[in-house]
Amino acid sequence: MPVMRETEFQGEVTWIGYVPAATGGLRSEKQDQLTLSFDGIAGERHEGALRASCVRVRNLHPEGTEIRNLRQISILSEEELALIAADMGMERIDPVHLGATLVLRGIPDLSHLPPSSRLQGPDGVTLTVDIENRPCIFPAKEIEKDHAGFGPKFKPAATGRRGVMAWVERPGVLKAGEPLRLFVPDQPAWAP
């Protein structure tokens, strides 16, 4: 019996990018395709099987502790980006400013996918969702550089819409325009 249930949803990859490690910043560079290994994307800021813990897990580990890297890939929803832009009073949000790896169209409420959900491409490349990516000040700073006065509006507008973080379960290639099938854990929601 499989523990992952295929859903009727699939997302179309509408945007691909990566954040070069050499720049030290958050700004993504748009790509037509990406080759993913178990370490993520070669030369990318979030590449690697391990990472230093950050403020997001400080209740578990002292900052800087070496932990498993479950934040290799940043996945955003085209529909949620439109809502963020509208709430900020902007025509659109450029994924470049958000350090995005992928933007998908067609998966409702993407930011709240259950942890351990899978997104699988045509060649078998598979991404495992870790958890919702909470908005922070770093994308706001990138937005502010190009759109003065709009940076501070990002965090409140992006709450609950910032997408998810994921890691590579099975290597492969992601291409713009391709579908990613959604699988979710076949278990009831936790309800203590």
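Predicted model: local features only at pLDDT ≥ 70, side-chain atom pairs only at ≥ 80, totals over all residues.
Figure 1. S116 is not a glycine, yet its phi is positive, about 80 degrees. Most residues other than glycine have a negative phi.

**Figure 2. D109, in the loop between strand 7 and strand 8.** Strand 7 covers 102–105 and strand 8 covers 118–120; D109 lies in the loop between them. Phi of D109 is near 50 degrees. That value is positive, in a residue other than glycine. D109 has a relative accessible area of 47%. The residue is therefore partly exposed, as the cut-off for exposed is over 50%.

**Figure 3. G40, a buried loop glycine.** G40 belongs to the loop between strand 3 (33–36) and strand 4 (50–52). Its relative accessible area is 1%. Buried means under 20%, so G40 qualifies. Leaving aside residues up to four places away in sequence, G40 touches T35, Q72 and V168.

**Figure 4. G40 and G24, a pair of glycines viewed together.** In sequence, G40 and G24 are 16 residues apart. In space, their C-alpha atoms are 17 Å apart.

**Figure 5. The whole chain, as context for the close-ups.** The secondary structure comprises three helices and twelve strands. Along the principal axes, the C-alpha atoms fill a box of roughly 55 × 40 × 35 Å. The radius of gyration is 16 Å. A compact globule of 192 residues would have a value near 16 Å, so the chain agrees with that expectation. Of the 192 residues, 46% count as buried. Among contacts with a separation of 6 or more, 72% join residues 24 or more positions apart.

**Figure 6. Surface and charge of the chain.** The accessible surface comes to about 10,000 Å². Carbon and sulfur atoms account for 54% of that area. The chain carries 22 positive and 26 negative side chains. The centres of the two sets lie 4 Å apart.

Technical notes:
Residues numbered from 1 in each chain as written. Heavy atoms only, no water. Helix = DSSP H or I, 4+ residues; strand = E, 2+ residues; numbered from the N terminus. Rg over C-alpha atoms; globule rule 2.2 N^0.38 Å. Buried < 20%, exposed > 50% of the residue type's maximum accessible area, 1.4 Å probe, protein only. Contact = heavy atoms within 4.5 Å. Areas by Shrake-Rupley, 256 points an atom, 1.4 Å probe, with all protein chains shown as cover. Lys, Arg positive; Asp, Glu negative; His and termini not counted. Charge placed at Lys NZ, Arg CZ, Asp CG, Glu CD.
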